[in-house]
2 protein chains.
Amino acid sequence: MRAVIPFKQENAKSRLSDILSKTQRQEFALAMLYDVIAAVERSKKFDFIEVINSSISCAMNTTFPSIANILLIEKGLNETLNEYLAKAASNKVQDIFIIMADMPLVTEKQIVEITELPGDIVIAPGSGGGTNVLSIHNPNKFHVDYYGTSFLDHLRIANEANQSIDIYDSFLVSTDMDEPDDLVELLIHGHGHAVEYLRSTGIDLDTSTGRLDLSNVKK
Amino acid sequence: MRAVIPFKQENAKSRLSDILSKTQRQEFALAMLYDVIAAVERSKKFDFIEVINSSISCAMNTTFPSIANILLIEKGLNETLNEYLAKAASNKVQDIFIIMADMPLVTEKQIVEITELPGDIVIAPGSGGGTNVLSIHNPNKFHVDYYGTSFLDHLRIANEANQSIDIYDSFLVSTDMDEPDDLVELLIHGHGHAVEYLRSTGIDLDTSTGRLDLSNVKK
């Protein structure tokens, strides 16, 4: 089974720009990628872990974990992944596991459980209608359509291709880091590189209100 | 096992007041309660289902599902629940399952899974540091502390009382309805009374943006 992690460091996480500088957002994105790769690796379910990096200029200055292959493809997310699926299909490769790089709460437990579900397509929703994990048994019978309410689009695409579907229900997998409020979840539930990085910037949790404490931020 | 559902209809869901009128928010709160009661009932895990209603004036005008006992207690949430736990403990009643009334995505599947976990305390986190389900095996060794980051408070209280803890990881359970963005999740993933009620107000989903479509709202 192959794990594919799309990753974008350039202009990463722009909706966090009120509280993190551009450099901090790039470092934070990389720390989250490290957490996702670690969880994928610890699951022991994959022969290959491939990071698809969409920015060559950023990638040249970045140290990626050596466990992952780094593919440099400067195209949009859907085009890149659909070309990847088409190539896998023509090479008779099955079982492509696409996991987003910005969900640092995921652990090997959820990844193992997703890979063990029987559906042709397993979808783990992200908040706001997103798709945070897609496990695709038959790459020749599926294509991705991220952006908008991709969760509903992926259900529709699977149904149209007569692929059986399992939906994986997980708070940890659904929680991606887009908005400042998402950082609250990371500070409460996180244990890896990303939460450590976030704390190093001075961002902390105000436990009395459940909101971010930005009083010590060094932006 | 007893299920306890705290419910507040008066001034319910004030953070939705930009898009729902006071009457609509009360009706929406009741529709969510119906969904939660239905899921609890279908799990077939409970001898008693008790709704603790904190507003007598509202309750008199409300038709509750006949399956549930309605207790009228006009006190704060923590005080009410801690008195309930103390009474259960003095009556040697074990296994109190506290579930919030504003999480209409929950189904019997999650409730069954929570009740089958072995921990003395099982906690299902809500978004933003909340606690959406608390399953308490020994009511004499626990007290609740909602508000703020109650998830962390409940972990601490359980640890201090040497109670073993399981954390139940579910997107459907974690999603409560506080903010307009939460309604997006209900429109995408919901199947019960609450989503039906929401659609009847004219609120719908804009699938191209993943945001609420309020163009047909009749407030």
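**Figure 1. The buried face of helix α4 in chain B.** In this predicted model, helix α4 of chain B spans residues 108–115, where helices (H or I, at least four residues) and strands (E, at least two) are DSSP runs numbered from the N terminus. Which of its residues are buried? They are B:Gln110, B:Ile111, B:Ile114 and B:Thr115; buried means under 20% relative accessible area, exposed over 50%, and partly exposed in between (1.4 Å probe, protein chains only). Viewed down the axis of α4(B), the buried residues fall within an arc of 130°, so they line one face of the helix; the arc is taken from the directions from the helix axis to the C-beta atoms. The cover over these buried residues includes α1 (22–42), β4 (96–99), β5 (121–125), β6 (131–136) and α6 (171–174) of chain B.

**Figure 2. Two copies and their axis.** Chain A can be laid on chain B by a turn of 180° and a shift of 0.0 Å along the axis, with an RMSD of 0.0 Å. The two copies are thus related as by a two-fold rotation axis. The superposition is by least squares on the C-alpha atoms of residues with pLDDT of at least 70 in both copies. The same surface serves both copies, as 96% of the contact residues of chain A recur in chain B; contact means heavy atoms within 4.5 Å.

**Figure 3. Where chain A meets chain B.** The contact takes 23 residues from chain A and 22 residues from chain B. Together the chains bury about 1800 Å², 61% of it on carbon and sulfur atoms; buried area is the accessible area (1.4 Å probe) that two parts lose on being put together, summed over both. A:Asp169, A:Phe171 and A:Ile188 supply 30% of the area that chain A buries against chain B, more than any other three residues. How many salt bridges are there between chain A and chain B? The count is 0, with a salt bridge being a side-chain nitrogen of Lys or Arg within 4 Å of a carboxyl oxygen of Asp or Glu. On the side of chain A that touches chain B, the elements giving two or more residues are α5 (150–160), α6 (171–174) and α7 (180–189) of chain A. Among these, α7(A) gives the most, with 4 residues.

**Figure 4. A salt bridge between two loops of chain A.** Over all chains, the structure holds 19 salt bridges. In one of them, the side chains of A:Lys13 and A:Asp102 meet at 2.7 Å, N to O. A:Lys13 lies in the loop between β1 (2–7) and α1 (22–42) of chain A, and A:Asp102 in the loop between β4 (96–99) and α4 (108–115) of chain A, so the pair ties together parts that are 89 residues apart in sequence. A:Lys13 counts as buried at 16% relative accessibility, and A:Asp102 is buried at 13%. A network of salt bridges links A:Lys13, A:Arg15, A:Asp102, A:Asp178 and A:Glu179.

**Figure 5. Salt bridges within helices.** In helix α4 of chain A, A:Glu113 and A:Lys109 lie 4 residues apart, about one turn of the helix, and their side chains meet in a salt bridge of 3.0 Å, N to O. A:Glu113 is partly exposed at 31%, while A:Lys109 counts as exposed at 51% relative accessibility.

**Notes.** Residues are numbered from 1 along each chain as its sequence is written, and chains are lettered from A and ligands numbered from 1 in the order in which they are written. Local features of this predicted model need pLDDT of at least 70, side-chain atom pairs count only at pLDDT 80 or more, and totals for chains, interfaces and linings use all residues, while side-chain values use heavy atoms, with hydrogens and water left out.
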